[in-house]
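Let's take a friendly walk through this structure, starting with its nonpolar core and then turning to its helices.

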Amino acid sequence: MNVKQSKNPFEITLTLLTWLIVIVLWFIFTNVGEMSSLLLPSPQVVWETFMNIVKNGYGNVSLWQHLSDSFVRLFWAVSLAFITAVPLGLLSGYFSKFKAIVDSIVQFYRPIPPLAYYALLILWMGIDDGSKVTLLYLAAFAPIYIACVAAVNSVSQDYILSSKSLGANQKDVFTKVVLPACMPDIFTGLRTAMGFAYTTLVAAEMTAATSGIGWMVIDASRYLRSDVMFVGIIIMGVTGIIMDGGLLLLENKLVFWKGKD
């Protein structure tokens with residue numbers, strides 16, 4: 001049975017209508033009410049600030065450079081996390097002895113807030129992008145690893161036993177049964193990891209950075225530039241939706257058997 005869901009035109013209309021209502025309420029509240037623009041800038045002010053940043057940049061750095069620097073850090077970190085967490089997670093789920101070695105380390109650092117060990121990363125690796133990418137890598141690694149372990153554990157034993165009864169060896173079982181069954185959960189872990197890493201990006205760019213969307217928001221907060229902060233937050237939200245949508249589209253193309261029995 002195919003349980004894959006996609007939004008129909010009515011649901012898309014509801015989504016667009018929801019955001020239209022939010023923007024209208026924002027406009028009314030900031031233009032009719034007595035809310036200070038320092039606390040909540042109006043949509044017009046935010047738009048003007050956005051256009052100014054597009055034309056002139058922020059902090060002597062163009063908007064495109066801010067975006068480029070942030071996304072280079074983010075994609076390097078998530079890519080490295082993916083190519084290391086997937087094999088470690090699959091092996092941990094498939095072999096209990098391997099899990100005994102790796103799992104406790106991941107579970108130990110996973111609940112620690114990134115800022116708690118970021119200072120150590122700076123001491124060890126300096127203030128360049130190495131420490132920032134490492135921080136984002138650690139944020140992205142755990143969700144992918146955990147998703148892979150859970151995916152292997154949820155594979156039906158009937159599939160494994162059936163393949164063995166047909167003569168499949170251990171390698172065939174892993175590559176032709178376990179791995180395809182795990183792919184949907186792996187993509188879910190990747191999407192979750194991308195979100196975690198993106199939220200950690202602001203923390204990564206707080207210290208010793210001179211560019212990046214996260215740095216732009218933090219720098220604007222020092223000068224109470226709420227309009228710039230709103231621009232940065234909206235950019236991060238929109239680009240986050242675009243990245244998640246891209247991963248979802250890629251998943252639907254590559255994992256075409258998802259939701260089919």
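In this predicted model, the largest nonpolar core has 65 residues, and Leu74, Leu90, Ile144, Val178 and Cys182 touch the most other members. Such a core is a set of buried Ala, Val, Leu, Ile, Met, Phe, Trp, Tyr and Cys residues joined through side-chain atoms within 4.5 Å, where buried means under 20% relative accessible area with a 1.4 Å probe, protein chains only.

The most comes from α8, with 15 residues. Beyond its neighbours within four places in sequence, Leu90 is in contact (heavy atoms within 4.5 Å) with Cys148, Val152, Phe174, Leu179, Cys182 and Ile186.

Among the buried residues of α10 are Val228, Ile235, Met243 and Glu251; its buried residues pack against α2, α3, α8 and α9.

Now for α1 and α2: their axes, lines fitted to C-alpha atoms over the stretch in contact, come within 8 Å and cross at roughly 105 degrees. That makes α1 roughly perpendicular to α2, a class covering 65 to 115 degrees on a scale from 0 to 180 degrees between N-to-C directions. Here Ile23, Trp26, Phe27, Thr30 and Asn31 of α1 meet Pro43, Gln44 and Val46 of α2.

Residues are numbered from 1 along each chain as its sequence is written. Local features need pLDDT of at least 70, side-chain atom pairs count only at pLDDT 80 or more, totals for chains, interfaces and linings use all residues, and side-chain values use heavy atoms, leaving out hydrogens and water.

Note on methods:
Buried < 20%, exposed > 50% of the residue type's maximum accessible area, 1.4 Å probe, protein only. Helix = DSSP H or I, 4+ residues; strand = E, 2+ residues; numbered from the N terminus. Parallel < 35°, antiparallel > 145°, perpendicular 65-115°, else oblique.
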